[in-house]
Amino acid sequence: MSTRILFLGGAGMIGSAAAREAVAQGAEVTIVTRSEPRRPVADGIRQLRGDVRDPEFVTSLTTGKAWDAVVNWVGFTPSDVEGHIDPFREATAQYVFISTCSVFARPVPSLPITESSPRKQPVFGYARDKVATEVFLEEAYRSDDFPLTIVRPFHTYDSTTIPILSGWTAIDRMRAGKGVVVHGDGTSLWSLTHSSDFARAFVPLLGNQHAIGESVNVVSGDILTWDQIHLTLAAAAGVRSPRLVHRSSESIATEVPGWGEVLEHDFRHTMLFDTSKLRRLVPDFAPRVSFSQGAREIIEHHEAHPDARGIDEKLAAAFDRLIEHP
C-alpha cells in the first residue's frame, strides 16, 4: 500500500520538487491550492482547489480521511494553523510544518547551527512569524499529542533562481567586464541547496515516525563563500576573470537601501549547519547537485528564457557609484 500524502500548498519551487520526488518514490500525492499552481504539476498528482484556512474546507479534507502525512507549505502565522490542530490530529499520522532556517538568531552564538540553536528574529516579519508558529505547534505537540514534525529549508534554488541579490544584472555586468559588488570581503560562508536535493532529503521524512516531535534542518552541506558563489556563476556564464569589488554591507546599504536589512541581519553572517540529525533520519541521503552544476543549469535556463534576464538599471548605477567611490 502506497503512502498517502496531502500537501497544503506546495506548488512553488520547493514544494513542486518535493511532490515530483514523492510520486517518483511511489506515494499518492494530493495538492491543495487556492488558485492555478504557478508551476507544472507532475503527472499522477491529484489536485484540489480550496482555502486551507477555511474550517469547512479543512473538514472536507479530514472527515473520514486517513493521511500518512500532511505537509503545510502555506502556514506563516499561528492563526494560519490554529484550526488544524483538532481535525488533523485525528486524520493524519504526521503533520509537517515547513518553516525556515531564517528563524535562527543572527549572529549565531555558536557554529555549526543545530536544530536546538537559539531562535530569534526581531527584524524580518516572515521569519518572526515562523518562530511564533513553530512555538504554537510545539505546544500542541506537548499538550495535545499533535503529531508534529518541523522542517526548515535554508537557501534553496533551482534553474529559475539566481541565488544572489543582484540576479541577472550581475551576470550581465560580468560578461561586459564591469565590476560586481560583493558584501564584506566575500569570505563569509553560506550554504546552498538545489531543490532536487532538498526533495530527496525531505520525502523520506514523510511517514517517518522517528521524525515525530522533531525539527529538522534540511540543507545540503554545499558550503561556499560569497566570492565562490559569484565566481561559480561567472564560470557558468563563460566569464573567466570576473571583477568582484568588495564593499561593506553598510556602504552598500547607502546606495541600495533595499538590501540593508538582508545584508545586516542575514547574508553578512556565516551560516554553517550540522546535518547529523538529517543524516540519522535519512541515512541514504547525500546531495547530488553541486553548485557548479546548478550554476550551469541556471545560465542555460535564463539563456533559453529571455524574459527571465531582467536588468536592474538602478542597481547597475548603484554598483558603478560604489566602485568609483569606495
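Guide: Let us begin with one residue and its surroundings in this predicted model. Apart from neighbours within four places in sequence, I229 is in contact with I164, W190, L192, L224 and F291.

Visitor: To which nonpolar core does such a residue belong, and which residues have the most contacts inside the largest one?

Guide: The largest nonpolar core has 47 residues, and I229 is among those with the most contacts inside it, together with W190, L233, F273 and F291. The elements that each supply two or more residues to this core are α6 (167-175), β8, β9 (189-194), α8, β12 (244-247), α10, α12 (291-304) and α13 (313-324). Helix α13 provides the largest share, 5 residues. There is also a second, separate core of 31 residues, which includes M13, V71, V151 and F198.

Visitor: Which residues of α8 are buried?

Guide: In α8 the buried residues are W226, D227, I229, H230, T232, L233 and A234. Just after this helix, G238 adopts a positive phi of about 85 degrees.

Visitor: Let me take another residue, T169. Why does T169 count as buried?

Guide: The criterion is a relative accessible area under 20%. T169 has 2% relative accessibility and therefore counts as buried. This residue lies in helix α6. With residues up to four places away in sequence left out, T169 touches G310, I311, D312, L315 and A316.

Visitor: How does one find the space that remains inside?

Guide: Rolling a probe the size of a water molecule over the atoms shows where empty space is left. In this case the structure holds 2 cavities of 30 Å³ or more.

Visitor: What lines the largest cavity, and how is its lining divided by class?

Guide: The largest cavity contains about 90 Å³ of space. Its lining consists of I164, L165, S166, V181, V182, H183, W226, H230, W259, L263 and F267. Two or more lining residues come from each of β8 (180-183), α8 (226-236) and α10 (260-267). Strand β8 gives the largest share, 3 residues. By class, the lining has 8 nonpolar, 3 polar and no charged residues.

Visitor: How much space lies in the second largest cavity, and which helix gives the most to its lining?

Guide: About 50 Å³ of space lies in the second largest cavity. The lining residues are G10, A11, S16, A19, R20, I31, R39, P40, V41, A42 and I45. Helix α1 (residues 13-24) gives the most, with 3 residues. By class, this lining divides into 7 nonpolar, 2 polar and 2 charged residues.

Visitor: What share of the contacts joins residues at least 24 apart?

Guide: Among contacts between residues at least 6 apart in sequence, 79% join residues at least 24 apart.

Key. Residues numbered from 1 in each chain as written. Predicted model: local features only at pLDDT ≥ 70, side-chain atom pairs only at ≥ 80, totals over all residues. Heavy atoms only, no water. 1 Å grid on protein atoms, 1.4 Å probe; cavity = no way out; pocket = protein on both sides within 12 Å on 5 of 7 lines; lining within 4 Å. Points joined across faces, edges and corners; volume = space filled by probe spheres on them. Helix = DSSP H or I, 4+ residues; strand = E, 2+ residues; numbered from the N terminus. Nonpolar A, V, L, I, M, F, W, Y, C, P; charged D, E, K, R; others polar. Core = buried A, V, L, I, M, F, W, Y, C linked by side-chain atoms within 4.5 Å. Buried < 20%, exposed > 50% of the residue type's maximum accessible area, 1.4 Å probe, protein only. Contact = heavy atoms within 4.5 Å.
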